[in-house]
Each structure stands twice: as C-alpha cells, then as structure tokens.
Amino acid sequence: MGFSSSRKKSEADKDSGTVRSAVLALLGLLLGFSFAIAAARHEARRELLVEEANSIGTTARRAQLLPEPHATNVVQLLRKYVLLRIEAHREAQFSNQFATTRKRSAELQNHMWAEAVAAAAERPSPITASFIASLNETIDLEAKRVAAKRNHVPGAVWLLLLCVAGCGLWLVSYQAGTAGRHSSPSSSR
C-alpha cells in the first residue's frame, strides 16, 4: 500500500509540474509578446516624431518662398507651433494639459492654413502648391502622433497577463506545499 501511494503521489507531482511548466511557459510567451508590442509602438512613435520634425523643417523652408507678408507670418506661426509641439511632448502624461495644448496647436494650424489659402489666392504657383502640400503633411503627422500617443498595449492583454501570472503563482505555491517544501524568510537563514 505504501508503494502504490508513493507512486500515485509521484505521478501527481509530475502532472502538476507539467501543468505548472506549461502555465509559466505561457506567461513567458505572453510577456514576450507584450514587450514586443510595446517596443514596436514606442518605435513607431519615435519615427513619427522624426517625420514630424522633418516635415516642419520642410514647411518652414518652403514658407520662405511665399510672397510677403505671408512668408513672414507663416514662419512666425511655425516658430510658435514648434514651441507648442515641444510643450505637448513634455506634457504628454497629463491629459487635461495635453487637450489644451492640442487645441492651441489646432488654432495655429488653422492660422497657417489661412495664410496658405491667402497666398494661393494672391499668387497661385507650383511653389505655393508645394508649400500647401508640406503644410498638409505637417498637420497630418501631428494627428498621427496624437493617435500613436493613445495607442497602448490593450487592457485585455494586461488582464490576461495578470490571470496567467496569478495561476502560475498559485501552481508554484500548490506544488511547493504538496511537496512539503516551505519557504519563509526566517528558514532561509
């Protein structure tokens, strides 16, 4: 009877060890995927930042080719816009301040667009069209960055990670308890 009981306990330990290993492997896999998602999204946000900076620079250079006073007005508006974009990047953690900065950014975009429309009406040319295309790209990239800022690892993934981690901890504790291994801070000394 002792041999049969010992054999059943050994098989139960082996089965619980297999389940525990599978759950911990699943946890590792989920963590890896979550970090990969987060890293890819971080890289995408970084690339959008560089694209936006390049687009603003191109827009500023093309604005200098516009007829006066539009060239001067747009360059001044772009300087304010750059300072505002830097401020928005710094305030990204605070949604209420970000909303205010976003509103001011939209107002500056509208002013720049009005200058572009006025310059195109006054003297339509390929240079003006090129400036308008560049300004449009700058506005679009700002919208893409706002969307990318809100793009995080989904809550369902975090919930799944939490559940699998909890199951893994429970299984490790259960197996340690059934094996008679107890660990406490005082016994490890």
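I looked up leucine 66 first. Setting aside neighbours within four places in sequence, leucine 66 is in contact (heavy atoms within 4.5 Å) with Ala71, Val74, Ala119, Thr128 and Phe131.

The model is predicted: local features need pLDDT of at least 70, side-chain atom pairs count only at pLDDT 80 or more, and totals for chains, interfaces and linings use all residues. Residues are numbered from 1 along each chain as its sequence is written, and side-chain values use heavy atoms, leaving out hydrogens and water.

Next, salt bridges (a side-chain nitrogen of Lys or Arg within 4 Å of a carboxyl oxygen of Asp or Glu). I searched the whole structure and found six. Glu52, Arg85, Arg102, Glu142 and Arg145 are linked in a network of them.

I took the pairs in turn. Arginine 85 bridges to glutamate 52, with the closest N and O atoms 2.9 Å apart. This pair joins helix α2 to helix α1, 33 residues apart; helices are DSSP runs (H or I, at least four residues), numbered from the N terminus. Glutamate 52 also forms a salt bridge with arginine 145, at 2.5 Å between the closest N and O atoms. Here α1 is linked to α4, 93 residues apart. Glutamate 142 meets arginine 102 at 3.0 Å, N to O. Glutamate 142 lies in α4 and arginine 102 in α3, so this pair ties together parts 40 residues apart in sequence.

I then checked burial (buried is under 20% relative accessible area, exposed over 50%, partly exposed in between; 1.4 Å probe, protein chains only). Glutamate 142 is buried at 1%. Glutamate 52 is buried at 3%. Arginine 85 is buried at 9%. Arginine 145 counts as buried at 14%. Arginine 102 is partly exposed at 27%.

Technical notes: Helix = DSSP H or I, 4+ residues; strand = E, 2+ residues; numbered from the N terminus.
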